Amino acid sequence: MKKILYFFLGIVGLFSASFFALKNGISIASIHFDFLKLEQLYIKLDNKLTLRAQNIIIAEREDNASLNENLPVSKELVKIAQNLDLLYAFVKEIQIENLHFKERRAKILFKDDEFFLDGDLFFLHFALHSEGKNLRARIKELFVKDYGVSIEGDLSVNTKSGFYHFRGNASSEDLDFNATLSYKDNQLAYKFHDVSIKNIHALAQNLRPHIDLPQELQLWLLEKTRASFYHLDDLQGFVDFKRDAFYFDELNATGFANDVELRLDGGMSPIKIPKLKMKLAKQRLNFTFAKATYKNADLSGSKVYLYDILNEENIGIYLHIRSENMIFDADLARALKPYGITLPFHQKSGKLRADFELKADFFAPSKPSYSGAFVLDDAALSLADFRVQKAKVLLKDGNLSIENASISNGFLEADFNAQIDLERQNGLFDAQISRLHFAEIFDMREQKVLLHLDYADGPKLAAKAWNLNADFTQGLELHAGDLSVLLPHFIPAKKIALESVQSLHYKSPDFIDFSLQINNASFGEKFFIDGKTPYVQDSFSVSKQKNRIVFDSKSKLISGIFDEEGKELHLKNLSYIYKDSGEGENFDLQGNQQNIKLSGTNVGVILPDFNKTLKFDQLEASLEGSALRAKANRKGATFSLFYAPEDFYLRAKDMDDEFLDTFLQKEAFKDGLFHLDVRGSGVDFFEGHFDIENTYIKDLKGINQLITFIDTVPALVMFKSPKFNTKGLHLRDGKVIFNRKKDLLSFEAINLNGDNVDLFGLGSANLRLGTIDLNLELKTLKSSSDVISKIPIVNYVILGEDQEISTNIKVDGSLEDPDFHTQILSDTLKTPFNLIKNIIELPKNLFDQPRQSSQ
């Protein structure tokens with residue numbers, strides 16, 4: 001605009017010499033200069049200048065680049081205002097249809113003190129009139145096209161002092177305001193009041209190319225803070241254009257915003273403030289509010305302000321957050337990271353009483369300053385699903401301390417104090433472990449330990465005293481070396497006599513499912529491999545998925561599955577060594593609520609207390625509630641067992657001599673088959689029978705003692721037989737009928753039928769006292785009665801009608817070392833023999849009944 005006025009003055013000077021010629025007006029079709037082109041020009045000078053032109057084109061000059069700059073709207077308007085006195089004093093009419101300068105075009109009309117300018121930047125219409133020394137312009141319309149703002153008002157110009165004063169109002173789709181401006185000697189005092197901002201983001205978008213605010217200020221005012229309505233009561237300041245000084249410290253403003261949502265981080269849930277008051281003074285923008293909430297937490301006692309907001313080098317924020325029911329969630333944790341506050345966890349629920357202060361420069365290299373005091377109450381944390389019953393947390397410039405904390409989760413209960421370096425992201429926990437446990441594998445109680453925390457690359461804990469490292473980056477991952485300290489707390493350790501573990505690795509993505517690897521575990525002699533080699537070392541893998549635990553051994557000798565339906569255990573080539581602990585640890589069958597299944601291939605039970613061994617090719621056992629069932633086989637033999645409260649039976653069919661010899665750990669039998677049938681209400685009350693088929697008894701303690709007794713008594717010389725003494729006692733068949741009532745084991749009948757001798761008997765044994773009381777009858781057949789049978793009268797008296805001779809043997813004393821007694825008198829012997837005979841031969845079905853019915 002300055003160029004235009006210069007141009008006008010140049011025209012006036014150019015034609016002043018031709019004043020008289022111009023008095024009547026001159027028309028020029030076209031005129032060209034190096035920098036100027038005029039078309040259809042009309043000039044008349046009659047008291048005041050009249051200028052009309054169809055086209056005026058001003059070329060850009062390299063020697064005056066400063067005049068060729070595209071001036072902003074504000075400076076264009078200032079130049080117009082500064083030249084109003086000249087325009088009013090010397091110009092009667094100006095009408096330019098097309099003024100073209102660089103890329104800008106404008107249409108200008110001034111006539112009858114009315115001025116119109118329609119250009120690329122704005123449209124201006126005002127009326128001039130003079131009041132003494134003052135020139136007044138009534139601005140009827142000023143429409144700034146880039147901003148979409150319409151302005152109306154009054155401009156007063158003191159032509160003598162050069163003082164300009166404007167009062168008006170403006171409106172647009174984005175904002176409405178009133179303004180008062182005073183200008184003199186390149187100094188501007190401004191005041192905007194009653195400013196209503198209807199769309200701050202659209203307004204900012206329009207202002208951004210023309211007003212350069214600090215980036216962080218724009219971020220806080222336009223991005224982090226959103227409101228439904230903004231209002232400035234007033235904004236006033238001062239500018240010295242000559243010194244290019246804006247005096248930001250003198251800039252003052254007050255206002256408010258409704259329905260404010262403030263986000264410290266772009267992805268967080270907002271802090272909601274129904275009404276936010278703002279006050280700007282000395283470059284400090286204070287935010288005050290009566291009520292504020294963050295996810296239902298009351299933040300009404302908090303305080304926020306931005307300082308040095310127009311100084312990009314020093315601009316920063318001050319936060320003072322106070323709340324009785326705060327929650328330090330993932331959003332807040334993320335929002336505080338840029339200020340150097342990095343923690344390995346956040347809060348998921350519960351209460352947090354907070355008093356926290358933060359002061360941080362946005363661009364200065366200095367570190368943020370912060371401090372805070374927090375009290376956690378029944379809070380759930382993201383780290384390992386910990387729940388904090390209580391804890392006091394103190395925060396001060398890079399250091400965090402935790403006092404009197406009580407935490408728990410699915411596997412840990414502990415109290416601790418801690419010191420954490422937030423810059424190095426490590427710390428030390430002084431912990432008292434109340435309980436640390438994992439499923440049915442590990443259970444530690446009442447232990448004190450120092451834990452080292454490092455969360456630079458994810459939260460990690462190390463317990464050096466335990467040789468243990470825990471990584472919580474993705475769930476929980478544990479590594480342990482020598483487990484000698486932790487070994488006593490492994491639940492299976494005592495049961496399997498676990499002695500050492502070389503290393504252990506545990507991993508759980510969600511603290512529920514897991515995988516566990518136990519390497520090179522050494523344990524006591526609880527099993528033998530194939531009944532020969534002690535099973536004392538192995539590695540194990542355990543996994544849990546959806547309430548299903550599966551474990552396996554590296555040797556493939558033992559495996560199992562535990563789930564909600566029950567427990568399954570599989571054994572292979574193992575013999576279990578069962579020893580009576582003597583501690584009275586009896587399994588409560590009646591109170592059992594578990595379902596347990598056991599299967600085995602080539603398995604056995606070793607009873608070292610009795611020097612006995614049971615061995616099976618296949619074994620299947622199940623415990624469902626209070627009922628125990630088992631089936632097994634060994635070569636051709638089959639076994640079945642049922643045991644429940646008030647019900648018990650045991651059947652063994654077709655046992656051979658090898659099975660019994662293995663069980664007895666001696667060569668007790670040679671050849672033959674054996675059968676056992678027992679039934680009762682329990683192991684203390686039952687009855688049954690034991691059947692023998694075609695076998696030789698070679699090494700049984702009772703038989704051996706009987707043979708020794710016969711050999712040492714001269715009166716029993718007739719019962720001696722070579723086969724009896726050298727090859728063992730051959731039995732064609734036999735049966736023992738017995739019953740047990742608590743401590744009393746009664747032998748109702750003993751009938752053993754051999755080639756040379758038969759043995760009959762009955763009696764009992766007291767298991768509690770360890771005593772025995774048996775009456776046996778030893779009866780010889782042909783070989784021992786030949787001599788007596790040749791004596792006519794004696795043979796009948798002695799041998800009877802069956803031509804047999806027998807003797808009665810009394811067995812009593814201790815079970816370990818019984819005493820044997822005998823008499824050779826026939827009459828004395830016959831009465832007990834007949835008694836025994838009656839018992840044995842009593843109804844035929846006693847011994848001769850079909851085996852099906854006995855079963």
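**Entry 1: Glu114 and its partner**

I looked up Glu114 and found it partly exposed, at 22% relative accessibility. The scale I used calls under 20% relative accessible area buried, over 50% exposed, and anything in between partly exposed (1.4 Å probe, protein chains only). Glu114 makes a salt bridge with Lys140, and the closest N and O atoms are 3.2 Å apart. The rule for a salt bridge is a side-chain nitrogen of Lys or Arg within 4 Å of a carboxyl oxygen of Asp or Glu. Glu114 belongs to strand β6 (residues 114-119) and Lys140 to strand β8 (residues 134-144), so this pair links distant parts of the chain, 26 residues apart. Strands (E, at least two residues) and helices (H or I, at least four) are DSSP runs, numbered from the N terminus. Lys140 is partly exposed too, at 38% relative accessibility.

I note that this is a predicted model: local features need pLDDT of at least 70, side-chain atom pairs count only at pLDDT 80 or more, and totals for chains, interfaces and linings use all residues. Residues are numbered from 1 along each chain as its sequence is written, and side-chain values use heavy atoms, with hydrogens and water left out.

**Entry 2: other salt bridges**

How many salt bridges does the rule give? I get 30.

I then went to Arg52. Arg52 forms a salt bridge with Glu93, with 3.0 Å between the closest N and O atoms. The two are 41 residues apart: Arg52 is in strand β3 (residues 48-58), Glu93 in strand β4 (residues 91-101). Arg52 is partly exposed at 30% relative accessibility. Glu93 is buried at 6%.

Next I checked Lys367 and Glu423. Their side chains meet in a salt bridge at 3.4 Å, N to O. Lys367 lies in the loop between β22 (347-361) and β23 (369-381). Glu423 lies in the loop between β26 (412-421) and β27 (426-438), so the pair ties together parts 56 residues apart in sequence. Are Lys367 and Glu423 buried or exposed? Both are exposed.

I also found a network of salt bridges that links Lys295, Asp329, Asp331 and Arg334.

**Entry 3: aromatic pairs**

I searched the whole structure for aromatic pairs and found 31. Rings of Phe, Tyr and Trp (its six-membered ring) pair if their centres lie within 6.5 Å; planes under 30 degrees apart count as stacked, over 60 as edge-to-face, and the rest as tilted.

I looked at Phe177 and Phe192. Their ring centres are 5.4 Å apart and their planes stand at 75°, so the pair is edge-to-face. Phe177 is in strand β11 (residues 175-184) and Phe192 in strand β12 (residues 187-197), 15 residues apart. Phe177 is buried at 15% relative accessible area, whereas Phe192 is partly exposed at 26%.

Phe686 and Phe738 came next. Their centres lie 6.4 Å apart with planes at 85°, so this pair is edge-to-face. Phe686 sits in strand β46 (residues 685-697) and Phe738 in strand β47 (residues 729-741), so the pair ties together parts 52 residues apart in sequence. Phe686 is buried at 17%, and Phe738 is buried at 11%.

I logged one aromatic cluster made of Phe523, Phe527, Tyr535, Phe540 and Tyr576.

**Entry 4: charges over rings**

I count a charge as sitting over a ring if NZ of Lys or CZ of Arg is within 6 Å of the ring centre and within 35 degrees of the ring normal. Arg284 has its charged end over the ring of Tyr305, 3.8 Å from the centre. Lys359 has its charged end over the ring of Tyr307, 5.1 Å from the centre.
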